[in-house]
Amino acid sequence: MEIARVEPLTRARALRGPFDYRVPESLDVRPGSVLVIPFGRRRCLGVVVGLTESSDVPAERLLAPYSMLEADVPEPLVELGLRVAEEYCSTPARGLALVLPPGTGTGATARTRSRSLLTASITATGTAALVDGTRLGARQQELLGALANGQRPAGALLRERGGTHTTLRALERRGLVALEQQAVRRRPPIRPVGGRSAGPRVLSADQAAAFAAVLALLDQPDAADRRLLLHGVTGSGKTEVYLAAVAAVLERGRSAIVLVPEIALTPQTASRFQQRFGDTVAILHSQLSDGERYDEWLRLRRGEARVCVGPRSAVFAPLEQLGLIVIDEEHDGSYKQEGDPRYDARRVAELRAGAAGAVLLAGSATPRPESWVAFPRLSMPDRVDSLPLPAVEVVGMAGIEGALHPRTVDALAEVRERRSKAIVMLNRRGWSNFLACRDCGHTWGCPNCDVTLVLHQAAGRISCHHCGHSQAAPRACSECGSVSVGRHGIGTERLEHELDRLLAPLEVLRLDSDTGSGREATARLLERFEALDAGVLIGTQMVAKGHDFPDVELGVVLDADATLRFPDFRAEERTFSLVAQLAGRSGRGPGGGRVLVQALEPDAECLRLAAAHDAPAFLAAELERRAALRYPPFGDLIRVVCSSSERGPELEVATLLAERIAALAPEATIAGPAPLFRLKGRERSQLLVKSASRSAAVRAVREAVETTAAEPISGPVAFAVDVDPQ
Ligand code: ADP
Ligand code: ZN
Ligand code: ZN
C-alpha cells in the first residue's frame, strides 16, 4: 500500500505533522501534491512531503484524501518551504504556504483554479453542409455561417447570433460543429516604462568580464561556490549583464529567477526582461489578480515560461532546472518579509541556488556588508559611456530657516531656468510631523502608539503612520481651547506645496504612498515624469529606487541624516545607500548631473563617503565596526518581541525568556529586555540575541518561546520572533 506523509495547512501552532494517509489507486500522488484531506472533524488542504510503504498507524485506520488539486509543487520547493519554516522559527504549514500555487489559501478548497472557455469551430462536414443543401434550421444556418470565419467562444457566439447551447450541441451531434474546452490565460497587463531601446547591447569591457564570470560558473558543474556579487555603480549597466546571463541560461535549457525590489517602483526592469524574452518571462507580484497570478504560476510550473521576474516571493517560483537567481538592488529592504515567516529572500535565494546548483548573482551599487564579505566580487566602477558620476555636495542645515538650504534653492532655480529635471527626496510623508499648542504645549499623539500624529493637510486629518489611526485635524487645542496650533516639521505634502510656489511654472510631481501606492498610480506618475521635458519629482525613498531617467540633472536629499538618528546598527548602512542611490538617479544623460545633500550634521562619515561615491571605503569602515560588536556578518541576530495590552506581563515574560535562552544557548549574548515604544495598543519588550552559531541560537529561541508560551504566565503575552531582523 502506498502511504503519503501529509503536512496539513492549519493555523494551529501546536500540531506536529506530518500525518499519514492512504493513497487511492485513482490518484497520482507525489511529493508536492496538494490534497484535500479529512483532518479531525474538518477537511483541509495538506501538502504531500513524502511517500512511504509503512506507517505506525494500522492500515485499517488510515484515512484517504478526498481529492487532489490540479496544481502541484516541485519536490525541491517542498523542502525549501520546510527549511524556511525551520530557519525562521515558523510552522511547516506557514513555510509550505509560501511555495503553493497563488490563491491556494489554507481553507478546505483552493480559491483559484485555471479558467477554460467552451469554444466552437466548424468541421469539414459543417463547411460542406453550408453549400450542399443539407437541411438546416434558420438558427443552425446562422451559427454555422458565423463559424465559417473561424473558431469562436461559444458564449460570445450565442450572444451575438442568438440561439442556445442546445442548438450548438445539436450541431455537434450531427458532426457539423466541434466543441471543446480551451484554457484561457489571464494575462497581467504589461506597462513598458522607460523609452530606451530594448535590443541587446554590445557589452562594455566590464560588462563582458562580469558576464564571462557568470558563464564560467554556469558551465562548471563542480564549482563549490556559485555566488557572485556584482558591484556596479549606478548606471554602470548591471541590468544588461543580468539580461545576458539569463539569455545564456535559457540557451542551456535551464531557467532563471530575477528578483527585483518592488515591481510597482521598478517597472522598467521588469519590462526590459519582457521586451527581451517575450512570453518566456512570467511576472509574479501581489498586485496581479488571483487569476492572473495563478496562470502565470502555472506557466512557470509547466515550463511554458522559464524566467520569473518578481519581488521577494518570486524566490519560490515553481521552476525546475534552475540555472540562475539574480537579486537586483540586493541592498533593498523589501527583500525581508514582515509577516510570519519573516524570511529574507536573499538568504532563501542562497539556499535555493545552493540546492539547485544554480548561480546566485546579487547586484547593487551599494552592496550590504554581508554580501561584500561573503561573495566573490565583480566590479563595474564606471557608468556606461563613461558618463561621470554626479558631483555631490553635503550642506549643513544648522541655523537655516525653512526646509531648503540657499544652495538648494539656487540649484532648483537653475533647473527651472534650464528647463531640465530634478528629483527631490524627503523620507517623510504628510504636511508636518506633529502639531503643538503654542499656549499650553499640548501635542497630539496616537491613542494606540507612543508617537505623534502627522498632519495630512489635503485630507484634513492627523494620522498615525504606524497603526493607521486617523482623526480630524484639530482647529483648536483640546486642552486649553487656544486656536494657536503650531505645525512642526515638514513632510512631502508640504514640500510639494512649497516647491510649487517657488518653482512655478515648472511642474512638480509627488510620489509617496499617499499619492497612490498601487502599481497603476505609481506607474502612471513615473510615466508622466518621464514624458515631461522639464519638471521636479519629489517623494519618499520611493523616488530613489532604480529608475533610469536620462534627463535628470539634479538630485536633492533633504534631512539626509534623519535615518542616523535612529538607534539601529543598520543606520549608517541605510543612510549611505539612500544617499548614494538617490545620487545615482541624476546625471544619466549628456547634461551631466549634480546632487545636494542637506543634513543637520554634514560631517557624518557615511554622508562624506556617499558624496565621494566610495562604497568600498564605507564598507571597510562599517565592517570594522561590526566586527568589533559582532553584528552581522560576524554574528547572526534574532529579535524576540513580547507584547501585551497592559504594561507588566510583557516585561516579566521577556525576562524569563532571556534566562531560558541564555541557558539553552550559552554561547549567545542577549541584549535586553529593552522597552520599545507602545505600538498598536501593545506594550512591547525586546530581546536581541546575538550568536556566532545561527542554527543553535534559532533552536534555543524556538524551544524557549514554545516552553514559555505554553505556561500560564504567558496568557496575555504575544511573541514575535524575527531571525535576521532588518
Ligand atoms: P544599472 O542597473 O547599473 O543602474 P542600467 O542597466 O539601468 O544600469 O543601465 C543604464 C543605461 O545604460 C540603460 O539605459 C541601459 O540601456 C544603458 N546601457 C547598458 N549597457 C549598455 C551598453 N553596453 N551599451 C550602451 N548602453 C548600455
Ligand atoms: Zn493648548
Ligand atoms: Zn498608532
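Okay, one term before we start: a polar contact is a pair of N or O atoms within 3.5 Å, and within protein one of them must be able to donate a hydrogen and the other to accept it. Keep in mind, too, that what you see above is a predicted model.

Now look for Thr-563. It sits in the loop between β25 (552-557) and α16 (571-584). Its side chain makes a polar contact of 2.7 Å with the side chain of Thr-575. If we leave out residues up to four places away in sequence, Thr-563 touches Ala-571 and Thr-575.

What lines it? There are 13 residues, and nearest the centre lie Val-233, Thr-234, Ala-365, Ala-580 and His-613. Helix α16 gives the largest share of that lining, with four residues. By type, the lining has eight nonpolar residues, five polar ones and no charged ones.

On to the metals. Which residues hold the zinc ion called ligand 2? Its donors are the SG atoms of Cys-437, Cys-440, Cys-477 and Cys-480, at 2.3 to 2.4 Å. Why is this arrangement tetrahedral? Because the four donor atoms subtend angles of 104 to 114° around the zinc ion. For comparison, the ideal angle for four tetrahedral donors is 109.5 degrees. Along the chain, the donors of ligand 2 follow the spacing C-x2-C-x36-C-x2-C. That links distant parts of the chain: Cys-437 is in strand β18 (residues 434-437), while Cys-477, 40 residues apart from it, is in the loop between β21 (470-472) and β22 (485-488).

Then there's the zinc ion that is ligand 3. Its protein donors are the SG atoms of Cys-446, Cys-449, Cys-464 and Cys-467, lying 2.2 to 2.4 Å away. This site is tetrahedral, with angles of 101 to 114° among its four donor atoms. The spacing here reads C-x2-C-x14-C-x2-C.

Last stop, the backbone. Asp-340 and Pro-341 are joined by a cis peptide bond, with omega about -5°, and Pro-341 is in the loop between β13 (322-327) and α11 (345-356). The bond from Pro-632 to Pro-633 is cis as well, with omega near 5°; look for Pro-633 in the loop between α18 (615-629) and β27 (636-644). And Asp-385 has a positive phi of about 65°, although it isn't a glycine. You'll find Asp-385 in the loop between β15 (377-380) and β16 (391-396).

Note on methods:
Residues numbered from 1 in each chain as written. Chains lettered and ligands numbered in written order. Predicted model: local features only at pLDDT ≥ 70, side-chain atom pairs only at ≥ 80, totals over all residues. Heavy atoms only, no water. Helix = DSSP H or I, 4+ residues; strand = E, 2+ residues; numbered from the N terminus. Contact = heavy atoms within 4.5 Å. 1 Å grid on protein atoms, 1.4 Å probe; cavity = no way out; pocket = protein on both sides within 12 Å on 5 of 7 lines; lining within 4 Å. Nonpolar A, V, L, I, M, F, W, Y, C, P; charged D, E, K, R; others polar. Donors = N, O, S within 2.8 Å, 3.2 Å for Na, K, Ca; no water. Tetrahedral: all angles 85-135°; square planar, octahedral: opposite > 155°, others 65-115°.
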